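Me: I would like to learn how to read the features of a structure from its atoms. Please take me through one case.

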Amino acid sequence: MMKKMWKWIVAAIVILLVVIFSVMNTRYVSLDFGFKSLHLPLIYILLGSFILGGLVTMLLWLTSNFEHRHNIKALQKELDALQASVDDRVVTEVSAAKIELEARLAEKEQELIAVKKDFAEDSNIKNQTIDELQAKLMALMPPQVEEPMEMTLPDESFTAE
């Protein structure tokens with residue numbers, strides 16, 4: 001907001017100086033256009049030149065501004081197209097990576113199933129081997145007869161008080 005205010009202040013000062021300068025120069029001068037010659041007060045020529053200069057400057061600024069806006073719109077469209085392209089590419093690459101990872105996951109799950117199956121088979125074989133060895137060991141050992149337990153009576157010398 002301050003920048004705009006300073007621009008208006010500077011513009012007002014310049015206009016005031018032009019008006020003061022023009023008012024100070026009121027004598028008649030000859031203006032020659034080549035095909036026509038005019039005798040006008042210098043104030044009209046100065047104010048007319050100032051106004052014409054302002055109009056030319058404004059016209060140049062407007063055309064430049066129009067070109068810049070046109071370029072901005074074109075660049076914005078290009079940016080939007082590139083952003084859409086990037087978004088599409090990201091979606092495509094993410095989908096491809098997801099498919100690849102799902103395939104690798106399925107492969108690892110198959111490997112895990114195979115390892116579990118091998119482990120179960122190895123466990124069964126080891127359990128069978130242990131059972132066979134225990135049966136052989138039992139066959140080699142003589143049968144044990146259990147001896148009856150002797151029952152002893154409490155010592156009679158012990159008396160309850």
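**Reading the chain**

Reply: Start with a single side chain: lysine 108 has a relative accessible area of 47%, so lysine 108 counts as partly exposed. Keep in mind that this is a predicted model.

Me: Which residue meets the side chain of lysine 108 in a salt bridge?

Reply: The partner is glutamate 111, with an N to O distance of 3.8 Å. The cut-off for such a pair is 4 Å. Both residues lie in helix 2, three residues apart, which is about one turn of the helix. Glutamate 111 is partly exposed as well, because its relative accessibility is 40%.

Me: How many salt bridges does a search of the whole structure find?

Reply: Two. Arginine 89 and glutamate 93 form a salt bridge too, and their closest N and O atoms are 2.9 Å apart.

Me: Why are arginine 89 and glutamate 93 separated by about one helical turn?

Reply: Look at the spacing in sequence. The two residues are four apart in helix 2, so about one helical turn separates them. For exposure, the cut-off is over 50% relative accessible area. Arginine 89 counts as exposed because its value is 57%, while glutamate 93, at 45%, counts as partly exposed.

Me: What is the order of the elements from the N terminus on?

Reply: List the elements before looking at their packing. The protein chain has two helices and two strands, and the order is α-β-β-α.

Me: How do strand 1 and strand 2 pair, parallel or antiparallel?

Reply: In a regular strand, side chains alternate between the two faces of the sheet. Here strand 1 (residues 28-32) and strand 2 (residues 37-41) pair in the antiparallel sense, over five bridges. Aspartate 32 is opposite serine 37 of strand 2. The hairpin has four residues between the strands, and glycine 34 takes a positive phi near 95 degrees in it.

Me: How does the reach of helix 2 compare with what is expected at 1.5 Å a residue?

Reply: Set the distance between the end C-alpha atoms against the expected span. Helix 2 has 99 residues and reaches 141 Å from first C-alpha to last, close to the expected 147 Å.

Me: Which residues of helix 2 are buried, and what do they pack against?

Reply: Burial here means a relative accessible area under 20%. Leu42, Ile43 and Ile45 are buried in helix 2. The buried residues of this helix pack against helix 1, strand 1 and strand 2. Over the protein chain, which has 161 residues, 4% count as buried.

Me: What share of the accessible surface belongs to carbon and sulfur atoms?

Reply: That share is 67% of about 15800 Å² for the protein chain. The elements giving two or more residues to the patch are helix 1 (2-24) and helix 2 (42-140). Helix 2 gives the most, with six residues.

Me: Where is valine 14 found, and why does valine 14 count as partly exposed?

Reply: Valine 14 is in helix 1. Valine 14 counts as partly exposed because its relative accessibility is 39%.

Me: What share of contacts joins residues at least 24 apart?

Reply: Of the contacts in the protein chain between residues at least 6 apart in sequence, 23% join residues at least 24 apart.

Methods
Residues numbered from 1 in each chain as written. Predicted model: local features only at pLDDT ≥ 70, side-chain atom pairs only at ≥ 80, totals over all residues. Heavy atoms only, no water. Buried < 20%, exposed > 50% of the residue type's maximum accessible area, 1.4 Å probe, protein only. Contact = heavy atoms within 4.5 Å. Areas by Shrake-Rupley, 256 points an atom, 1.4 Å probe, with all protein chains shown as cover. Pairing = 2+ DSSP bridges. Expected span 1.5 Å × (residues − 1).
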